[in-house]
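Here's a quick tour for anyone meeting this structure for the first time. Have a look at the model, then follow the notes below.

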Amino acid sequence: MSVPELIRIVSRDSPMALAQVERVRAELAVLHPQVRTEVVPVKTTGDKWMGDLSAVEGKGAFTKEVDAALLAGEADLAVHCMKDVPADRPLPAGTTFAAFLKRDDIRDALIHLGGLTLDELPAGTRVGTSSVRRVAQLASTHPELECVPFRGNVNRRLEKLAAGEADALLVAMSGLERIDRLDVATEVLSAEAMMPPIGAGILALQCREGDTDVIDTISGLGHPETHREATAERMFLHVLQGHCNSPIAGYAQVDRSGELSLRACVFTPDGKTRLNAHEWAGRLDPATLGTSVAVALLRQGAREIIDGIPH
Ligand SMILES: NCc1[nH]cc(CCC(=O)O)c1CC(=O)O
């Protein structure tokens, strides 16, 4: 393997995304101190458009411009939140994942300026979130709360909360951690109380196919357990074929004994129906586990629920 002299890293330009790039640079500096890196920040459709993501073909809204820069040769490595990489279709032709970094916290946090926990919030409390996954689950477990649309990067959402545009906020712990604002979290919600999105907390490193020097260099950053979890989760979504308005949640987990499991749910938007599946891989490879869990939900009627939601 010949290690490249320079690796140009493309990413969204939000504070969270740039912190992600710094993590990649730091890990790369340990493994290959001789490699220089440059950052190529780009704004994505999802960063510019503050309306409903389904109006801009939500899928890929946070990745399209990043992928384009990689494919155009303006950068050699793209850093994505795996959660934002569409899984219903293959990766853009000519690109491949070279590594998945060790997974961060997959849980959501509640932020309430008065310090209340989710169960303590009074009826009518306005919770800022545009996530159909969070809205459906809150409708199911806390129907007395009111969800208000809340878009923008994590810093922007914290500003909007401080400005009184909502009384409380649900955001990913990993997002808060990356912008160094874990201090604002009032309560960490268990993955059972608020099922995370597929791909939560995983940074995916994407390269051009055939760029073997970069791929070989970057693959050393990969975390094997996260790779198994990511593969199971991504195949699960691929088989399920959701759309950007379908509330889908779940996570794979490699336990201490090395056993891989995948737990997943499909909800109706009102949270009144929730389909559940939880399987262990046993002798199945991660992708087959993902397929099996998707099929289990389809057998319970997931297709009808997903197709019945306007998008
Ligand atoms: N859409 C913004 C976004 N993209 C990825 C994350 C969380 C970080 C991750 O899971 O990797 C967030 C913030 C949030 O959902 O609150």
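What you're looking at is a predicted model, where local features need pLDDT of at least 70 and side-chain atom pairs count only at pLDDT 80 or more, while totals for chains, interfaces and linings use all residues. Residue numbers start from 1 along each chain as its sequence is written. Helices (H or I, at least four residues) and strands (E, at least two) are DSSP runs, numbered from the N terminus.

**The three-stranded sheet**

- β11, β12 and β13 make an open sheet in the order β11-β12-β13, with antiparallel pairing; two strands count as paired if DSSP finds at least two bridges between them.
- β11 and β13 sit at the edges with a single partner strand each, so one side of each has no neighbour in the sheet.
- From one strand to the next, the twist averages 10°; axes here are lines fitted to C-alpha atoms, for helices over the stretch in contact, and angles run from 0 to 180 degrees between N-to-C directions.
- Helix α8 (residues 224-240) packs on this sheet and touches β11 and β12, with its direction at about 150° to that of β11. Contact between two residues means that their C-beta atoms, placed from the backbone, lie within 7 Å.
- Strand β11 (residues 248-254) is joined to strand β12 (residues 260-267) by seven bridges, and the two run antiparallel. Across that pair, G250 faces A264 in β12.
- Five residues lie between β11 and β12 in their hairpin, and G258 in the turn has a positive phi of about 90°.
- Seven bridges also link β12 to strand β13 (residues 274-280), again antiparallel. S261 stands opposite W280 in β13.
- The β12 and β13 hairpin has six residues between the strands, and G271 there takes a positive phi near 75°.

**The five-stranded sheet**

- Another open sheet has five strands in the order β7-β6-β8-β5-β9, and its pairing is mixed.
- Its edge strands are β7 (146-148) and β9 (187-188), each pairing on one side only.
- Strand β6 (residues 126-128) and β7 run parallel, joined by three bridges. In this pair, G128 is opposite V148 in β7.
- Helix α5 (residues 154-162) packs on the sheet, where it touches β5 (108-112), β6 and β8, and its direction makes about 170° with that of β8.

**Domains and the ligand**

- The domain assignment gives domain 1 (6-102 + 199-222), domain 2 (108-188) and domain 3 (233-307); bounds like these come from an automatic or database domain assignment.
- The centres of domain 2 and domain 3, taken over C-alpha atoms, are 25 Å apart.
- Between those two, seven residues of domain 2 are in contact with 12 residues of domain 3. The domain 2 side of that contact has four nonpolar, two polar and one charged residue. For these classes, Ala, Val, Leu, Ile, Met, Phe, Trp, Tyr, Cys and Pro count as nonpolar, Asp, Glu, Lys and Arg as charged, and the others, Gly among them, as polar.
- Around the ligand you'll find C81, K83, D84, V154, V171, A172, S174, G175, A200 and G201, each with its C-beta atom, placed from the backbone, within 6 Å of it.
- β8 (168-172) and α6 (173-178) are the elements that give two or more residues to that shell.
- By class, the ligand shell has five nonpolar, three polar and two charged residues.
- Why does the ligand lie between domain 1 and domain 2? Both domains give residues to the shell around it, so it lies between them.

- A123 lies in the loop between β5 and β6. Is A123 buried or exposed? A123 is exposed, because 9 other C-beta atoms lie within 10 Å; the cut-offs are 20 or more for buried, 12 or fewer for exposed, and partly exposed in between, with C-beta atoms placed from the backbone.
- A123 and E144 are 21 residues apart along the chain, with 4.8 Å between their C-alpha atoms.
- V188, in strand β9, is partly exposed, with 16 other C-beta atoms within 10 Å.
- Leaving out residues up to four places away in sequence, V188 touches R107, A109 and M173.
- V188 and I111 are 77 residues apart in sequence, and 9.1 Å apart from C-alpha to C-alpha.
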